[in-house]
Amino acid sequence: MDDAINILQNEKSHQVLAQLLDTLLAIGTKLPENQAIQMRLVDVACKHLTDTSHGVRNKCLQLLGNLGSLEKSAAKDTEGLAVRDVQKIIGDYFSDQDPRVRTAAIKAMLQLHERGLKLHQTIYNQACKLLSDDYEQVRSAAVQLIWVVSQLYPESIVPIPSSNEEIRLVDDAFGKICHMVSDGSWVVRVQAAKLLGSMEQVSSHFLEQTLDKKLMSDLRRKRTAHERAKELYSSGEFSSGRKWGDDAPKEEIDTGAVNLIESGACGAFVHGLEDEMYEVRIAAVEALCMLAQSSPSFAEKCLDFLVDMFNDEIEEVRLQSIHTMRKISNNITLREDQLDTVLAVLEDSSRDIREALHELLCCTNVSTKEGIHLALVELLKNLTKYPTDRDSIWKCLKFLGSRHPTLVLPLVPELLSTHPFFDTAEPDMDDPAYIAVLVLIFNAAKTCPTMPALFSDHTFRHYAYLRDSLSHLVPALRLPGRKLVSSAVSPNITPQEDPSHQFLQQSLERVYSLQHLDPQGTQELLEFTIRDLQRLGELQCELAGVADFSATYLRCQLLLIKALQEKLWNVAAPLYLKQSDLALAAAKQIMEETYKMEFMYSGVENKQVVIIHHMRLQAKALQLIVTARTTRGVDPLFGMCEKFLQEVDFFQRCFIADLPHLQDSFVDKLLDLMPRLMTAKPAEVVKILQTMLRQSTFLHLPLPEQIHKASATIIEPAGESDNPLRFTSGLVVALDVDATLEHVQDPQNIVKVQVLYPDGQAQMIHPKPADFRNPGPGRHRLITQVYLSHTAWTEPCQVEVRLLLAYNSSSRIPKSLWIEGGEMAPQVETSIEGTIPLSKSVKVYIMPKPARR
Amino acid sequence: MPEIRVTPLGAGQDVGRSCILVSIGGKNVMLDCGMHMGFSDDRRFPDFSYITRNGRLTDFLDCVIISHFHLDHCGALPYFSEMVGYDGPIYMTQPTQAICPILLEDYRKIAVDKKGEANFFTSQMIKDCMKKVVAVHLHQTVQVDDELEIKAYYAGHVLGAAMFQIKVGSESVVYTGDYNMTPDRHLGAAWIDKCRPNLLITESTYATTIRDSKRCRERDFLKKVHETVERGGKVLIPVFALGRAQELCILLETFWERMDLKAPIYFSTGLTEKANHYYKLFIPWTNQKIRKTFVQRNMFEFKHIKAFDRAFADSPGPMVVFATPGMLHAGQSLQIFRKWAGSERNMVIMPGYCVQGTVGHKILSGQRKLEMEGRQVLEVKMQVEYMSFSAHADAKGIMQLVGQAEPENVLLVHGEAKKMEFLKQKIEQEFRVSCYMPANGETVTLSTSPSIPVGISLGLLKREMAQGLLPDAKKPRLLHGTLIMKDSNFRLVSSEQALKELGLAEHQLRFTCRVHLHDTRKEQETALRVYSHLKSVLKDHCVQHLPDGSVTVESILIQAAAHSEDPSTKVLLVSWTYQDEELGSYLTSLLKKGLPQAS
């Protein structure tokens, strides 16, 4: 550091100076405790602040921002150095002649704030001046600074220039930032719109101004279309269509009273939502969302504007506004005319938009029965137009029904088309539209006991059928003449008290306790337990993860035991060959299962990983033994033995902390004999391993808290098409793949698409990270295109498409271990060691035609 | 005092025949050259005889700038350049250059072929006129001559509309033409940097209007069309060929795409096809969405919109038809209207303003029975809707632009006098700049105080820098140097260099002054007293007592001598050079006050 400072004093080149200061900054940030050094560096920086080059001044300010002393008292302790007020020094450079330096000064100030220094309120006025700077980066940074100050001193009072009034600082800042929403540069506009969202302390009076834009026409006040719509609605006359002059201006306006550029917040969002750049519009919608979440009255007001955004030309904006609406839907009730506009979007051809809208409808409040009816009609229309939306629409209607039972009630006769006197024809039970209607009604009936009285006979029959086939959509109803089947456990029981959970625990404990049963008995017990667990997983979806996980482990154990029971160990060498296949297959299967256990479950902890690796090690040992017994000659064995010992060594290094838990286990014994094994001949090693494998005990697998099995379903292609996809051979055809993934962590890196051609050729496709959407926690949606190509075929044939989970066992092990090991370079994350099939494969019918000449 | 003079020949407190003369820094520029729709006599064109009665206009004008292709901004161009006579450059943007002749030709056809006017410009004249056009790009600075430069900014409004900055030296004028501050479906919003012109000439069509959000109108429009089409009805949208028509096309096209609708949309052929072709070519002039999607698909290559054929009007089923002209006064739109008016399932949507007397105006004002030619009475059963899609900035937008450009003065044109009055008052109140609104033929003169750039020699600057601290913007600094004015450029150099350059010998100028002092003591002692006095007063100057008895303060010499007549009076001789004038005069005044009494 001294060197650097010394060079600094003699250096003339500005570039070198700037670089040196950079070095000092790096040094300073590495030594955050050393006050003296920091003071010294700050001192150096202050000296060079007067440099003529903007680069040097920039760096100085950066240094000050990063290292400037946080507390003045600390500064006073270090005698000899002048006590500097860092804020004042930086503040002086707000009026530097170079815009880059001004930006750096503001950034430094923000840096100080980030480091926990309380900025002075005086900065506010300085920053306000910078809002009218000529350069966009300065304005953008200034907006940020104003926001910071407004969050620090929201309640202090500032005077309004040119009048005697005073307002709260946060309101003033809000007004100023709102003004920046109509700035000339879109970068600043985005910044301003974003920050508006987080100013929740602003008073509601100002907040509501942002949506207000006084319209006038020839100096006469005009009502906005929103106001007119509202009036029409409240006067009972609905949507008469617009007449010429319907929006004719009403009252005269006093010319003096009109303020064309309100310094306040007037219409900021109106402008932001109409902006040219969609980035600004998205930012504005986000800000609206945040503000509306904190203020219900504002939510009510901004509704009209959000609904308008549903018609934006850019899909992202539409999607964003639908999501926003969903987030604030607890605070609002849609008017009928608004609902009308919302529902119009259901016909959008983009699937994302429609599904977002369904989600929105799930949690909207509708005010009238006409509204419900309208929604139902539109949803059914959507269903006929896009049959693939079936599940999403049913789900949507489920919530719509359960939220508005009283509104659905008067609609029931009409919906079921029942007649007081005549029996009507029984509707088709497989019609998705009819099911949709029933889902709505049954969910409403759950809380409305009078409703079942309106049902006709066949409705009850259909109820019974749907309750079985679509149990997730149809709730249990208290129907006359039949008992309520208490199926669901009330949710307030904790998992431990839950009988099914207890059953799981008990059955596992039974297995672990009965270790020294005769082989036959153990095998049977394991088989039964595995069966029990699998059935349990099917019945109780919340326990499915744990049950499957345990079952897989037990299956591995079972396989291992079976393999060791094989006769091959007793018969003479020449007869091994046939039987060794079984053992080898078992070893291979165990390996596969262990990889599944390690990578297909989310929530697996380190203690489970140890057990899994241990099991894998046993499988490898088995493999080694079997190969040793079946191969003649010693040479290949050398290599295998060595590899195996390396694995053991690796295991020991990785899980050294967990070794005490592995008492009496295979590895425990193995490590005891390690010195002997290292020097022993392969044949000897094999012998030792064999005895150890037989003696080793069955390790207890601790159950993780939260475990979920990763799963995936391919929605599209559905695999039902009889029409082959025709394309010219040698060229490519794009196949749309749409799949939902559950409980997959980091799907962007690990989920792959595999295409299997009839000739056995397999192709692995890496979907782009942007193809994954995240609609909810633990859920992902993959919508991508897969390119297929092949040489010409004589007739159409099916290719298989499925999803794979790629894994790399070294990536799970913490990096620090590698560094301690010291010999391995950090692994490349993307390398793939193997894959696990994640979904069922789907067949796609394709036909590459020979190219026409 | 340098001046900027502005004289509107048209569009002064009026809408139509925009034509504004600007004299700036000795250059004369004509902004726009339009026709007036309200007149068909000589008043339809600006009165060019104002510029010169005889002789060619080329001698009086340095250049002509056309802001966009609307006829009220370019309609008089062939008349002006070919019939009156102008051979100088005409500047316009490329889309304007491409579309302008189509519209001029159309205008000529209607005037000559339909109305049978004589003495009108010919097709050849339009061609000749367009040969004089120089195309400019956005933000490209074009040097018209050594001093005059112009620069175009994006203005929205219609394809290729631009605002122009005209600059001579450090004086500048910005002319906005027509502009739009809110983006629409195919164009972006006007934008200008903080160029701080001396004068901003802005349109003020909607000086007293603040408009509602565009989205409501769009939504209403789409909803109406959608409902009618779903009912199986036909929708007629009368439009003018360029501008709004394309916006509405894009709007419907994207809506059709989004909603996956199948009903056909037709566009009446002719002029429009050609124009659409140009819209396809000038993608950089459109808005963000169109520019972004251009890579996949040109938005103006309509998928759902097809060319209209007369026979389609009778075909059954729902359809949407765009037909010209926009006010339903003649042509195809009227023909279709007559066919469809009888059914209440159908709908006509008027997307713009209609002049009194046209069919469009009649049906908008609620008339249900129309008398057509031949005493036929047409009963209008179809629904009539009005939607305003206008592309001018509203009062708020104008204020926003003024705020962005930060001009010293504002001048309003292209609007009604009464409305301008209001806006003028607002501008003066909010920005504290003076605002003008001249009538046609009225001249506004602004005196400017342009800053004159002076080049300083590096040597001098470095010497100055070495002396003191950094230059501070807020404090004036005194600097010694020589100003050399040579062929209209100014340089500030050190005096030595100036002498060398000009080949002059240096003259020394010395001031001497005698100060009488009453002192009985000897000269040496007087000198010593003077020395100690000065030493105590002038602490930060170097005061020296030389061995020969004289005192120096910096380079000022003070000698004491006995008065020849009165020995009790001593004469102090103070001598200083011209450069030390400040210190010298201070010193003499100090000495004149006398020395303090010896203690």
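This is a predicted model: local features need pLDDT of at least 70, side-chain atom pairs count only at pLDDT 80 or more; totals for chains, interfaces and linings use all residues.
**Chain A as a whole**

Start by selecting chain A. Its secondary structure comes to 37 helices and 16 strands. Of its 853 residues, 50% count as buried. The accessible surface of chain A is about 41,100 Å², and carbon and sulfur atoms make up 52% of that area. Among the contacts in chain A with a separation of 6 or more, 73% are between residues 24 or more positions apart.

**Helix H10 of chain A**

Next, select residues 169-180 of chain A, which form helix H10. How far apart are the end C-alpha atoms of this helix? They are 17 Å apart, which agrees with the 16 Å that 12 residues should span at 1.5 Å a residue. Colour the helix by accessibility: 10 of the 12 residues of H10(A) are buried, so the helix is largely enclosed by the rest of the structure. The buried residues include A:Leu169, A:Val170, A:Phe174, A:Ile177 and A:Met180.

**Salt bridges**

Side chains of opposite charge can pair when their charged atoms come close. Over all chains, the structure holds 48 salt bridges.

Select A:Asp304 and A:Arg335, whose closest N and O atoms are 3.7 Å apart in a salt bridge. The pair links distant parts of the chain, 31 residues apart: A:Asp304 is in helix H16 (residues 296-309) of chain A, and A:Arg335 is in the loop between helix H17 (315-328) and helix H18 (336-344). Are these two residues buried or exposed? A:Asp304 has 13% relative accessibility and counts as buried. A:Arg335, at 13%, is buried as well, because buried means under 20% relative accessible area.

Now select B:Glu230 and A:Lys381, whose side chains meet in a salt bridge at 3.8 Å, N to O. This pair crosses between chains, from helix H5 (residues 214-231) of chain B to helix H20 (residues 369-385) of chain A. A:Lys381 is partly exposed, with a relative accessible area of 34%.

Stay with chain B and select B:Glu105 and B:Arg108, which form a salt bridge at 3.0 Å, N to O. Both residues lie in helix H3 (residues 94-114) of chain B, 3 residues apart, or about one turn of the helix. B:Glu105 counts as partly exposed at 22% relative accessibility, whereas B:Arg108 counts as buried at 13%.

For a group of linked pairs, select A:Asp134, B:Lys194, B:Arg196 and B:Glu406, which salt bridges with shared partners join into one network.

**An annotated region of chain B**

Select residues 16-233 of chain B, where an unreviewed UniProt entry places the feature "domain: Metallo-beta-lactamase". Over this range the chain is 28% helix and 22% strand. The end C-alpha atoms of the range are 38 Å apart.

**B:Asn409**

The last stop is B:Asn409, in strand E20 (residues 409-413) of chain B. B:Asn409 counts as buried, at 11% relative accessibility. Which side chain does B:Asn409 join in a polar contact of 2.6 Å? The partner is the side chain of B:Ser434.

Note on methods:
Residues are numbered from 1 along each chain as its sequence is written. Chains are lettered from A and ligands numbered from 1 in the order in which they are written. Side-chain values use heavy atoms; hydrogens and water are left out. Helices (H or I, at least four residues) and strands (E, at least two) are DSSP runs, numbered from the N terminus. Buried means under 20% relative accessible area, exposed over 50%, partly exposed in between (1.4 Å probe, protein chains only). A polar contact is a pair of N or O atoms within 3.5 Å; within protein, one must be able to donate a hydrogen and the other to accept it, and residues adjacent in sequence count only if both atoms are side-chain atoms. A salt bridge is a side-chain nitrogen of Lys or Arg within 4 Å of a carboxyl oxygen of Asp or Glu. UniProt positions are given in the numbering used here, feature names are shortened, and annotations may be inferred rather than shown by experiment. The expected span of a helix is 1.5 Å times one less than its number of residues. Contact means heavy atoms within 4.5 Å. Accessible areas come from the Shrake-Rupley method with a 1.4 Å probe; for residues, only the protein chains shown count as cover.
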